[in-house]
Amino acid sequence: MKVVFFISSLKQGGAERVASVLANYLSNLEFEIILVSFEKCENFYVISPKVKQICLDIYKNGVNLKSKFKKLVFIRKIIKQCKPDSIISFLCATNLSVIISSLFLKINLIISEHSNYKFCSKKELFLRRILYPFSNKLVVLTKEDYDYYSFVKNKKIIYNPFSLDDRDINLKKKENIILFVGRLEVVKGCDIFLKALRLIDRKLLKKWEILIIGDGSQKEILNKEALNLNLKVTFIGKSTKVEDFYKKAKILVLPSRSEGLPNVLIEAIFFKVARIATKCSGPKELIKDRYTGLLCDIEDEKDLCFKMEMLMKDENLQEKLIQNAFLEKDKFCVENIVKQWIELIKGK
């Protein structure tokens, strides 16, 4: 069975990771996988040699009307040439383009939405409402999104998979480390994290190491902010070995302003890291407050500070949250997630 994946790029990101994991896994089964991207860039995630990659490099001269039209033409050309049994598309802009390009071709089209609808423009919401019903199936990440897309007939919630074999995780002795893992962009709220750290009792904070893993347009601004707030924070940068930090850390903080279904909160379960996150759609899907993690108000550094101090002072609470979360790990095992995708691909 032949399946073509469409995604904007294979840079670091949640949807990109899911596409990579899914493509790699299916290529080891009875599937022929073709992975098509539109931006020429180095793959952040490892792609199996069994997966055929096509990079169209459409945006080399910038994003404009010409490149958008060119994109539609190329997508339709690839679909006609490859004659896939199914198409899987990731993220809104790509979903819309693939829907338009595949009209009347009678191919099983599965679109995957990774962004919460609340943070989309009116134009995007309008186009989704008009075009998404033309897909055969829509995959969303949360119950909130599932309920929103009432205008799409066939839809399903499928969580992001944990891609490592959890049997191979050898946890190191945990240290007083608090992690932030994510892109250094405004939406991820690292600035809120720094402001919350400033409010923590200094004697308590001195006992902990603060590590920020990731890169992005806000990196220099956040570096300066940390210096201005007189915070001892280590900016690790982008890392392909994030698991090494998870193994040692006790607490993970996700202070986002908006989230789909954060991979970091899933990864933290397997590495037994206590989780604090804001009350975005995705974190609310993954965390039962005060049972499997702690939730705090969005853009509220005082509430985030309070929740961090609560965990930093109470190792029994850390252990309780970690153990309760670990009971849910099977929901995210790659075998279980891929099985659900295969059912969609085969029309079940």
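This is a predicted model: local features need pLDDT of at least 70, side-chain atom pairs count only at pLDDT 80 or more; totals for chains, interfaces and linings use all residues.

Mentor: Residues are numbered from 1 along each chain as its sequence is written, and side-chain values use heavy atoms, leaving out hydrogens and water.

Trainee: In which order do the strands of the open sheet lie?

Mentor: Strands of a sheet pair through backbone hydrogen bonds, either parallel or antiparallel. Here seven strands form an open sheet in the order β3-β2-β1-β4-β5-β6-β7, with parallel pairing; pairing requires at least two DSSP bridges, and strands are DSSP E runs of at least two residues, helices H or I runs of at least four, numbered from the N terminus. The edge strands, β3 (52-55) and β7 (155-157), each pair on one side only.

Trainee: At what angle do helices α6 and α8 cross?

Mentor: Two packed helices are described by the angle between their axes and the distance between the axes. The axes of α6 (residues 190-199) and α8 (residues 219-228) come within 10 Å and cross at roughly 10°, on lines fitted to C-alpha atoms over the stretch in contact, with angles from 0 to 180 degrees between N-to-C directions. The two helices α6 and α8 are therefore roughly parallel (under 35 degrees).

Trainee: Is cysteine 190 buried or exposed?

Mentor: Cysteine 190, in helix α6, is buried at a relative accessible area of 2% (buried means under 20%, exposed over 50%, partly exposed in between, with a 1.4 Å probe and protein chains only). Its contacts (heavy atoms within 4.5 Å) include Phe180 and Leu222, not counting residues up to four places away in sequence.

Terms used. Angles under 35 degrees count as roughly parallel, over 145 as roughly antiparallel, 65 to 115 as roughly perpendicular and the rest as oblique.
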